[in-house]
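Please give a short report on this structure. Keep the sentences brief and define the terms as they come up.

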Amino acid sequence: MTPKLPERFACPFCQTWCGLGMTYLPHMQVYLCYGCAESRGLKPIGEDEITNKVPAKWTKDQVQSLAAYQESPQYFPFVCNQGDILEATTVGLFCPRCEQLLKWAYPWTLDWSWKETA
């Protein structure tokens, strides 16, 4: 299931507010306007296209890094299909509202290296 788009979003490519577009990254609130998609030849990235997934079961330090990443206002957090921010646990990213469980994360969200780009 694809998360629904907000009424308005900021396209990361043209940096304008848009009302029409598509989800660009799975499980993240990154949206792409149709204009940029067409002019740049971009399309949504499918979950099966992501090759650098780290599967859960994560260590305590990895969960702490991921939890801090999820709370950072500078990055796009992982979200459930309803758009709620997922909570980091050792068995995956969990939504307490809809009970969706995402069993992977990017390596840089688990090793604190995401903080180096802040």
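## Basis of the model

Helices (H or I, at least four residues) and strands (E, at least two) are DSSP runs, numbered from the N terminus. This is a predicted model, in which local features need pLDDT of at least 70, side-chain atom pairs count only at pLDDT 80 or more, and totals for chains, interfaces and linings use all residues. Residues are numbered from 1 along each chain as its sequence is written, and side-chain values use heavy atoms, with hydrogens and water left out.

K43 sits in the loop between α1 and β5. Contact here means heavy atoms within 4.5 Å. Leaving out residues up to four places away in sequence, K43 touches Y24 and E49. K43 and Y24 are 19 residues apart along the chain, and their C-alpha atoms are separated by 7.0 Å.

I45 is found in the loop between α1 and β5 (54–55). I45 is partly exposed, at 29%. Not counting residues up to four places away in sequence, I45 touches Y24, L25, P26 and I50.

Helix α2 covers residues 60–71. The expected span of a helix is 1.5 Å times one less than its number of residues.

The buried residues of α2 are V63, S65, L66, Y69 and Q70. They cover an arc of only 160° around the axis, so they lie on the same side of α2. That arc is taken from the directions from the helix axis to the C-beta atoms. The face turned away from the buried side carries the exposed residues K60 and E71. The buried residues pack against β6 (87–89), β7 (92–94), β9 (104–105) and α3 (107–110).

A nonpolar core is a set of buried Ala, Val, Leu, Ile, Met, Phe, Trp, Tyr and Cys residues joined through side-chain atoms within 4.5 Å. The largest one has 30 residues, and L66, F78 and L93 have the most contacts inside it. The elements that give two or more residues to this core are β4 (31–33), α1 (34–40), α2 and β9. Not counting residues up to four places away in sequence, L66 touches W58, F78, A88, L93, A105, T109 and L110.

T109 belongs to helix α3. At 0% relative accessibility, T109 is buried. Leaving aside neighbours within four places in sequence, T109 is in contact with S65, L66, Y69, F78 and W114.

## Aromatic pairs

Rings of Phe, Tyr and Trp (its six-membered ring) pair if their centres lie within 6.5 Å; planes under 30 degrees apart count as stacked, over 60 as edge-to-face and the rest as tilted. A search of the whole structure finds 12 aromatic pairs. The rings of Y69 and W108 have centres 5.6 Å apart and planes at 75°, so this pair is edge-to-face. Y69 lies in helix α2 and W108 in helix α3, so the pair ties together parts 39 residues apart in sequence.

Y69 is buried, at 2% relative accessible area. W108 is partly exposed, at 34%. Ring pairs link Y69, Y75, F78, W104, Y106, W108, W112 and W114 into a cluster.

## Cysteines

A disulfide is a pair of cysteine sulfur atoms within 2.5 Å. How many does the structure hold? The search finds zero disulfides. For C11, the nearest cysteine sulfur is that of C36, 3.7 Å away. For C14, the nearest is also that of C36, 3.7 Å away. C11 is buried, with a relative accessible area of 1%. C14 is partly exposed, at 29%.

## Positive phi

Most residues other than glycine have a negative phi. Q15 has a positive phi, near 55°. Q15 lies in the loop between β1 (9–10) and β2 (17–18) and is exposed, at 67% relative accessible area.

E99 also has a positive phi, of about 70°, although it is not a glycine. E99 is placed in the loop between β7 and β8 (101–102). E99 is exposed, at 59% relative accessible area.

Conventions
Buried < 20%, exposed > 50% of the residue type's maximum accessible area, 1.4 Å probe, protein only.
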